[in-house]
Amino acid sequence: MAREIQQIMTELETAYAPQRQAVQGRMDELPGYYAAQRAGTDAARTNAFQDITRQANARGMVYSGAPIQEQQRYVGERYLPALAQLSGQEGEQRFNLQQALNQLGERQ
């Protein structure tokens with residue numbers, strides 16, 4: 001007796017649903033993970049700015065504008081590239097997980 005497609009899909013759902021839930025769970029965790037990574041990058045920037053200010057203070061240059069230039073250099077050389085890298089990684093992981101979900105759907 002031929003089974004209907006809906007019956008077959010329902011039977012397969014028990015095998016594929018946990019896999020989809022696992023992948024979806026990882027996707028749901030990405031924003032929190034990358035928010036923590038960005039917070040760490042922000043903390044590193046704050047610490048670097050404090051170090052720059054302390055060094056300028058020690059040289060007696062705190063009001064000369066040198067700390068601002070060094071802070072701008074830090075932002076351009078380290079902070080912004082780190083944020084861009086995190087955004088790229090997040091997008092890549094999201095894409096890979098979405099592909100995994102699509103492949104599960106295809107197999108089912």
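Guide: Happy to! Leaving aside its neighbours within four places in sequence, Glu 70 is in contact with Ile 52, Gln 55 and Arg 59; contact means heavy atoms within 4.5 Å. Before going on, a word on the model: it is predicted, local features need pLDDT of at least 70, side-chain atom pairs count only at pLDDT 80 or more, and totals for chains, interfaces and linings use all residues. Residues are numbered from 1 along each chain as its sequence is written, and side-chain values use heavy atoms, with hydrogens and water left out.

Glu 70 lies in helix 2. Helices here are DSSP runs (H or I, at least four residues), numbered from the N terminus, while strands are E runs of at least two. Glu 70 is buried, because its relative accessible area is 18% and buried means under 20% (exposed is over 50%, partly exposed in between, with a 1.4 Å probe and protein chains only).

Now for helix 1, which covers residues 5-59. Its 55 residues should span 81 Å at 1.5 Å a residue, where the expected span is 1.5 Å times one less than the number of residues. The end C-alpha atoms are 78 Å apart, which agrees. At Thr 14, helix 1 bends by about 45 degrees, and Pro 18 follows within four residues; the bend is the angle between axes fitted to the seven residues ending there and the seven starting there. Ile 52 is among the buried residues of helix 1. After helix 1 comes Gly 60, with a positive phi near 75 degrees.

Next, the largest nonpolar core: its nine residues are Tyr 16, Val 23, Met 27, Leu 30, Tyr 34, Leu 86, Leu 97, Leu 101 and Leu 104. Helix 1 and helix 2 (66-107) each supply at least two of the core's residues, and helix 1 gives the most, with five. Such a core is a set of buried Ala, Val, Leu, Ile, Met, Phe, Trp, Tyr and Cys residues joined through side-chain atoms within 4.5 Å. Not counting residues up to four places away in sequence, Leu 86 touches Tyr 34, Gln 37, Arg 38 and Thr 41.

Stepping back, the chain has two helices and zero strands. Its radius of gyration is 25 Å, well over the 13 Å that the globule rule gives for 108 residues, so the chain is more spread out than a compact globule. That radius is taken over C-alpha atoms, and the rule is 2.2 Å times the number of residues to the power 0.38.
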